Amino acid sequence: CTGHKDSVTEVAFNHNNQFIATGDMAGMIQVWSVKEKKLIWCFEGDDMEWLAWHPMANVLICGCQSGDIYIWQIPSGNCKVLPSPDNISCTCGKVLSSGKQLVVGYASGQVRLWDIKDSNTLWINNDNETVNNLDINMDSSLLVTAPSAQVIKITDGKTVGKVMLESETEIETALVNIELGVIVTGSLSGQ
């Protein structure tokens, strides 16, 4: 994949490995056909924070520093925008297992659950100081945020706990695995 103007920070295969998306810090996003090894779609826009494919469709989702979230049908490029709540950077996001909702975190600490089809916010959680990473479990019932380590119920957006060692003040990343019954976190201290 060539043609990027800045550091490529995101790469992802779509749900059936037909396409690969690449995104750089300057906001250039490219989608390549894996089979044909050629560029099929390109977009240049706002500085990108994260990039993810929908788990069941050829839909690409991007969160930006402006706080806007772009949702494209690929390869047509049809687009909808989930607008920024306050021009605060949208730092991370995940599509829920149903494929109908998107949970995102903002630099302001806000976590929102969006209905993708209707472009509506279903709930807002403001229990974090900032959010730069989040993960959801397989059945989309819980999410955990970093750096505050808040555990949030996805059904209503309520904080139900915190997962952090007593010696830590924040975490860098978190991963949820309900099958194993664990939430794994990583911190700068090496814990």
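**Strand pairing and nonpolar cores in a predicted model**

Trainee: How many bridges join strand E14 to strand E15?

Mentor: In this predicted model, strand E14 covers residues 142-146 and strand E15 covers residues 150-153. The two strands run antiparallel. The number of bridges joining them is three.

Trainee: Which residue takes a positive phi in the hairpin of E14 and E15?

Mentor: Three residues lie between the strands of this hairpin. A positive phi near 65° belongs to Ala-149.

Trainee: Which residue in E16 does Ile-152 stand opposite?

Mentor: Ile-152 belongs to E15, where it stands opposite Leu-143. E15 is also joined to strand E16, residues 159-162, by three bridges, and these strands run antiparallel. In E16, the residue opposite Ile-152 is Thr-159.

Trainee: Which residue has a positive phi in the turn between E15 and E16?

Mentor: E15 and E16 form a hairpin with five residues between them. The residue with a positive phi, of about 80°, is Gly-157.

Trainee: How many residues does the largest nonpolar core have?

Mentor: Those with the most contacts inside this core are Ile-29, Val-31, Trp-53, Leu-60, Trp-72 and Ile-74. Elements giving two or more residues to the core include strand E3 (28-33) and strand E6 (59-64). Leu-60 touches residues including Ile-29, Val-31, Trp-41 and Trp-72, leaving aside residues up to four places away in sequence. The size of the largest core is 15 residues.

Trainee: How many residues are in the second, separate core?

Mentor: Its members include Ile-69, Leu-102, Tyr-106 and Ile-116. This second core is separate, and its number of residues is 14.

Conventions. Residues are numbered from 1 along each chain as its sequence is written. This is a predicted model: local features need pLDDT of at least 70, side-chain atom pairs count only at pLDDT 80 or more; totals for chains, interfaces and linings use all residues. Side-chain values use heavy atoms; hydrogens and water are left out. A nonpolar core is a set of buried Ala, Val, Leu, Ile, Met, Phe, Trp, Tyr and Cys residues joined through side-chain atoms within 4.5 Å. Buried means under 20% relative accessible area, exposed over 50%, partly exposed in between (1.4 Å probe, protein chains only). Helices (H or I, at least four residues) and strands (E, at least two) are DSSP runs, numbered from the N terminus. Contact means heavy atoms within 4.5 Å. Two strands pair if DSSP finds at least two bridges between them.
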